[in-house]
Amino acid sequence: MTKKSFHFGLPASMSIEPTTACNLGCPECPSGLKQFTRPTGKLDLDLHKTLLSQIKSTVFYINYYFQGEPFLHPRFLELIKDAKRENIYTATSTNGHFIDFKKAKEIVASGLDRLIISVDGLTQETYEQYRINGSLEKVLEASKNLVEAKRNAGSNTPHLIYQFLAVKHNEHEIPGVFNLASNYNIDEVRIKTAQLYDFKNGNPLMPENESYSRYRKQGDGTYKLRGNPGNHCWRMWSGSVSTWDGGIVPCCFDKDAKHILGNIQNTSFKAIWSASTYKAFRAAIIKNRQAVDICTNCSEGTKVWA
């Protein structure tokens, strides 16, 4: 409103990255394609406790996901338990390949509040076109394990969400994913639009139904991001993202951590949040958001499904 980067207090939400490692090779994911310039690693439990101690008074929601597959972190559920001891709502996202019944029981016992499960096809043939090296059977087995573990424990959590990434080869299956979720007693279904890195002249992954796409075809045949994002972004004031090694980046679109604003290994989160570097980034968003590289392909404010 003021066109100045005023802010008060600390963020209400955080995304914390357990690991950058992933077992799949999805074509639009730098983690799966092993294209990061930053190192692959896993979050140290003591570093996590340091961050948690600094944000627990204001943060009420933590998404334990940024890049990578969280359940590749060997002590991932200890992160969840640490946050739950501080009465913080916890969520994560998984490709569902590492959840046998024993792990499902541990997940329920950890207190995890919300779990997004990626289901991007109703057959193995469709699923593996995007989830390279993935197994739909493992995802469905994980679903059954989680539902049974919740039932056995008499627990309503975690709230289970099927997330369906809409692309050209699977968009015809979107109605069926709601039936699949119902059959497996999954709590919710979300249809997610795909972020494509090369979209100007079209992309083989673009859905034919434009309502499932982040991009709109123009008169000259090229494509642009739908909507008009404008020079604003509420995420710069309400939340932040921590990489596995303590780097603080502005949001989840900075996947390769090109805009590190500080590191909690040597600076407190409060100092980073209030520092001139963070203020300058917020000011740049207000001045000309489209001049900031990570904002040019961002869905914030574009009025699409996800």
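**Salt bridges and sheet of a predicted model**

Lys102 is exposed, with a relative accessible area of 56% (exposed means over 50%, buried under 20%, and partly exposed in between, with a 1.4 Å probe and protein chains only). This is a predicted model, in which local features need pLDDT of at least 70 and side-chain atom pairs count only at pLDDT 80 or more, while totals for chains, interfaces and linings use all residues. Residues are numbered from 1 along each chain as its sequence is written, and side-chain values use heavy atoms, without hydrogens and water.

Lys102 forms a salt bridge with Glu106, with 2.7 Å between the closest N and O atoms (a salt bridge is a side-chain nitrogen of Lys or Arg within 4 Å of a carboxyl oxygen of Asp or Glu). The two residues are four apart in helix α3 (residues 101–110), so about one helical turn separates them (helices are DSSP runs of H or I with at least four residues, strands runs of E with at least two, numbered from the N terminus). Shared partners join Lys102, Lys103 and Glu106 into one salt-bridge network.

The structure holds 13 salt bridges. Another one links the side chains of Glu17 and Arg38 at 2.8 Å, N to O. Both lie in the loop between β1 and α1 (45–55), so the pair ties together parts 21 residues apart in sequence. Glu17 is buried, at 0% relative accessible area, and Arg38 is buried at 11%.

Nine strands form an open, mixed sheet in the order β6-β5-β4-β3-β2-β1-β9-β10-β11 (two strands pair if DSSP finds at least two bridges between them). β6 (188–193) and β11 (262–263) stand at the edges with a single partner strand each, so one side of each has no neighbour in the sheet.
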